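Please look through the following structure.

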Amino acid sequence: MTANGWLQIALFFVVLLAVTKPLGVFMARVFAGEKTFLDPVLRPIERLLYRTTGIDEKYEMDWKEYAVSMLLFSAVSMLVLYLIERVQGLKWMPWNPQHFANVEAHLAFNTAASFTTNTNWQNYGGENTMSYFTQMAGLAYHNFVSAGVGLALAIAIIRGIARKESKTIGNFWVDVTRAMLWVLAPACLVIALIFVSQGTTQNLRPYDTAKLVNPQTISTTDSNGKTTTQTVTDQVIAQGPVASQEAIKILGTNGGGFVNANSAHPFENPNPLTNFMQIVMILSLGSGLTYTLGRMTGSQRHGWAVWAAMALLCLAGVTIIYAMEAHGNPLLHGIDQHASAMQPGGNMEGKEVRFGIANTALFATATTDASCGAVNGMHDSFTPLGGMIPMVNIMIGEVIFGGVGAGLYGIVVFIVLAVFIAGLMVGRTPEYLGKKIEAYDVKMAMLTVLIFCLIVLGLTAVSIVSPFGTGSISNPGPHGLSQILYAYTSMAGNNGSAFAGLNGNTPWYNVSGAFDMLFGRFFMVIPVLALAGNLARKKIVPESSGTFPVTTPLFTFLLISVILIVSALTFFPALSLGPILEHLLMHAGKVF
Amino acid sequence: MKKNLLISIWFTLATTVLLGIIYPLVVTGIAQVIFPKQANGSLIPQNGKLVGSHLIGQPFTAPGYFWSRPSAAGSGYDPTASSGSNLGPTNKALQDRVAASVQQLQPTNPNTPIPADLVTTSGSGLDPDISPASAEFQIPRVAKERGISEQEARAAVARHTKGRQFGFLGEARVNVLDLNLDLDAAHPMH
């Protein structure tokens with residue numbers, strides 16, 4: 001570890017703190033329908049959209065109608081994405097200069113589920129599978145939509161906490177429209193252009209062919225043991241409208257790369273500046289939402305108490321990853337892994353020189369604190385414990401700032417549990433910001449926790465004992481279990497990052513993974529909306545001396561403890577057989 | 001239910017046009033006018049032919065060139081198949097591959113330890129850079145092959161070394177393709 005590495009990590013926290021209030025205030029205004037500086041441009045577009053689609057912006061929904069609208073929209077838009085993938089290769093389809101074929105059915109299903117649920121798990125490489133049209137109108141479009149839906153859901157649950165004796169929690173269509181038009185699109189337009197200025201590509205042209213400066217002779221041995229030698233003289237440079245997709249991929253915590261290597265690719269993430277911007281952007285909206293929570297519920301100090309819990313968990317994560325990766329791999333001999341002014345050192349397998357160790361550790365932390373899943377280095381090649389932390393971040397529900405919207409409604413679940421446990425300890429009815437927390441609320445909160453662990457551990461268990469599951473493992477030993485566990489954790493958590501050596505493009509992983517993602521999104525969201533609807537109905541009870549305050553460091557500490565205990569009890573046994581065992585064996589000098 | 005279903009369909013179509021087509025085309029239009037070089041891949045034309053991109057690494061194996069890092073993208077530095085090796089830390093294949101690279105590199109500069117980045121694959125498989133330490137390690141070999149002094153080679157490396165951005169962001173690095181093109185122009189091989 002270096003002083004300069006820590007300086008960058010410290011700067012990241014400072015910048016994240018600085019953007020929290022402005023973004024939080026802005027979002028609170030947008031969703032309350034108050035005036036913003038963007039109104040002169042966006043109000044006409046919004047009105048036109050409502051008129052053409054038949055939306056009544058004054059109408060309010062109860063939680064069930066809100067949920068149904070969200071499910072219908074997700075189903076329709078997922079179907080459209082599936083169809084686009086299935087016909088992208090037809091002659092009349094636009095913007096397909098490389099003539100990519102239609103996407104196979106099970107891969108198209110997996111991808112449609114993946115992008116609809118904000119997961120962006122990818123069992124394909126974008127630069128050799130998807131046409132520019134599919135990337136723009138199918139995949140990047142869903143980056144806007146799934147983030148917009150997540151934001152709408154977060155606002156709905158904040159309204160549930162803030163409103164009293166109300167049957168309704170807002171209008172889904174208005175919330176999702178305002179999320180996309182006010183919060184996401186304008187920022188992406190500006191950020192995309194900044195990315196282009198730094199080297200991210202943005203064009204619709206066919207791939208270019210360059211003549212290699214030093215032509216290469218490559219020998220390959222086929223399965224019969226026959227060796228063929230060929231001379232490679234050309235390098236085909238993939239192109240495409242990357243920047244416009246990159247901006248929303250990061251800001252919307254989607255994480256689905258335009259190309260296979262994601263944010264490790266120089267065209268997606270050309271230099272340390274774009275990299276730093278991406279890390280901040282991943283957590284910015286989630287961080288801002290804690291301020292929105294405080295503002296809309298009238299308890300700004302509660303918002304900051306939640307923010308503090310998230311920041312502490314984030315710092316713990318990045319510290320462990322940075323320490324592990326900087327320490328390097330003890331199994332590699334004869335090389336210099338010490339950091340200096342001349343080299344990043346450490347475990348450089350799967351990492352880019354321009355980012356080095358500190359920025360890769362920070363990116364890996366941010367992308368899994370949120371349900372983003374973009375990567376600027378390959379998690380599969382991290383050291384065992386360095387790779388375990390991203391997995392743990394997802395297992396605790398991606399509530400460390402979290403995905404756009406998803407982080408906020410995830411943390412509310414843990415807040416309800418924390419308040420409930422505090423109530424049990426002192427023997428009083430638990431309250432949260434004036435709302436009594438009753439059996440129904442705790443049941444809904446527990447339901448989301450249980451559904452998540454059931455699908456993750458269930459599918460991992462099936463895969464690890466089946467040939468169709470273990471056949472996809474690329475790293476033998478305990479790391480193989482880690483690969484499968486990471487995959488289902490990532491998909492159920494709607495993250496999308498991977499231990500990417502696992503071959504996910506098989507019928508089993510495509511189909512089981514698609515259901516993993518769909519359940520992980522919608523079976524979580526429905527109890528959350530039920531909780532929102534139930535909270536909105538309640539009366540406000542005045543605060544008394546027996547009320548457990550949710551604005552103090554004690555609350556922050558309790559919240560962190562509940563998050564860690566719930567996830568540790570659930571996942572520690574599985575982790576001890578995967579990354580923890582691998583760590584011990586690695587230091588004993590064992591290879592597989 | 002029926003009303004919301006109809007809204008879903010129209011809303012999907014309308015927002016697809018707005019965010020899936022108009023938005024990326026607007027970005028493309030503006031980018032092509034203001035930043036045409038970057039927007040088209042930072043390509044390097046030379047004597048009427050394309051020799052690569054400043055941002056995309058190339059493989060080098062001739063001893064007179066500075067070598068890039070090993071690559072797991074296709075058969076090596078293939079931008080149509082960007083990828084890391086995804087080898088786990090305890091995978092024997094990783095240990096063996098690194099050992100083979102060490103065996104190849106160490107004799108060309110026996111007394112200097114090999115920097116980690118020079119024998120590991122990058123995340124993209126297209127890393128255009130090596131660390132300054134990795135460039136320094138290769139100077140004796142390149143200078144000897146080209147018949148130039150180590151001083152001249154070191155000066156060339158310095159011309160293509162970028163420090164940390166704004167002095168503190170990221171890591172110092174040397175762009176291998178730019179460096180080798182410069183060497184070919186300034187000190188052609190015989």
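Gly387(A), Met391(A), Ile394(A) and Met395(A) of α11(A) meet Ser482(A), Leu485(A), Tyr486(A), Thr489(A) and Ser490(A) of α15(A); residues are in contact if their C-beta atoms, placed from the backbone, lie within 7 Å. These contact residues divide into five nonpolar, four polar and no charged, where Ala, Val, Leu, Ile, Met, Phe, Trp, Tyr, Cys and Pro count as nonpolar, Asp, Glu, Lys and Arg as charged, and the others, Gly among them, as polar. This is a predicted model, in which local features need pLDDT of at least 70 and side-chain atom pairs count only at pLDDT 80 or more, while totals for chains, interfaces and linings use all residues. Residues are numbered from 1 along each chain as its sequence is written, and chains are lettered from A and ligands numbered from 1 in the order in which they are written.

Helix α11 of chain A spans residues 384-395 and helix α15 of chain A residues 478-492; helices (H or I, at least four residues) and strands (E, at least two) are DSSP runs, numbered from the N terminus. The two helices pack at an angle of about 30°, with their axes 9 Å apart. Axes here are lines fitted to C-alpha atoms, for helices over the stretch in contact, and angles run from 0 to 180 degrees between N-to-C directions.

The contact between the chains takes 114 residues from chain A and 98 residues from chain B. On the side of chain B that touches chain A, α1(B) gives the most, with 22 residues. By class, that side has 49 nonpolar, 40 polar and nine charged residues.

Strand β3 of chain A (residues 335-336) runs parallel to β3(B), joined by two bridges; strands pair if DSSP finds at least two bridges between them. In this pairing Ile335(A) stands opposite Ile114(B).

Technical notes. Two residues are in contact if their C-beta atoms, placed from the backbone, lie within 7 Å.
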